[in-house]
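Q: Please take one part of this structure and go through it slowly, for someone who has not seen it before. I would like a connected account of how that part is built and how it sits in the rest of the chain.

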Amino acid sequence: MDWADRIGRRIKLHDLHVLMTVAELGSMGKAAERLNVTQPSISKSVADLERRGYVERRADPDDARARRVALTERGRAVIEAGRRHRAALESELAERLGPQRVDAARRLLLDAVAALGGEPAVRGRRVRMPT
């Protein structure tokens, strides 16, 4: 069973990342900056997410020229389902490989990211580094 089947929605991992970033920041400009994409690119992604019912755009109460982006109920549900899926995958790995091996693999991957100089990029996107 693939991850999209497990969360019960047809959404690409990239879309989920954009969705979570826009939801956190509420601004397409800030999301574009964090994701290191152009304003037209983020606008296109948000328009697609809006068309599919994951987000809605609202007037910014502080700036009449700006539009804020907010999650819809469907958007909140797909993010929560993605989080549940991640937890289930971690649990499945721990069951199959043992928690010590999973922890060792996690630490090795963190070390590899740091050794390759990727930690600032990961942190810049505010991807939660496993502990």
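A: From the N terminus on, the elements of the chain follow the order α-α-α-α-β-β-α-α-α, which amounts to seven helices and two strands; these elements are DSSP runs numbered from the N terminus, with helices being H or I over at least four residues and strands being E over at least two. The model is a predicted one, in which local features need pLDDT of at least 70 and side-chain atom pairs count only at pLDDT 80 or more, while totals for chains, interfaces and linings use all residues. Residues are numbered from 1 along each chain as its sequence is written, and side-chain values use heavy atoms, with hydrogens and water left out.

The part to look at closely is the pair α3 and α4. Two packed helices are described by the angle between their axes and the distance between the axes. Helix α3 covers residues 28-35 and helix α4 residues 39-51, and they pack at an angle of about 115° with axes 9 Å apart; the axes are lines fitted to C-alpha atoms, for helices over the stretch in contact, and angles run from 0 to 180 degrees between N-to-C directions. That angle makes α3 roughly perpendicular to α4, a term that covers 65 to 115 degrees.

On the α3 side the contact (heavy atoms within 4.5 Å) is made by M28, G29, A31, A32 and L35, and on the α4 side by Q39, I42, S43 and V46. Sorted by class, these residues are six nonpolar, three polar and no charged; Ala, Val, Leu, Ile, Met, Phe, Trp, Tyr, Cys and Pro count as nonpolar, Asp, Glu, Lys and Arg as charged, and the others, Gly among them, as polar.

The loop between α3 and α4 holds N36, which has a positive phi of about 60° although it is not a glycine. N36 counts as exposed because its relative accessibility is 65%, exposed meaning over 50%, buried under 20% and partly exposed in between, with a 1.4 Å probe and protein chains only.

Among contacts between residues at least 6 apart in sequence, 44% join residues at least 24 apart. Another packed pair is helix α2 (residues 13-25) with helix α5 (residues 73-97), at an angle of about 115° and with axes 11 Å apart; there L16, L19 and M20 of α2 meet G75, V78, I79 and R83 of α5.

How values were computed: Parallel < 35°, antiparallel > 145°, perpendicular 65-115°, else oblique.
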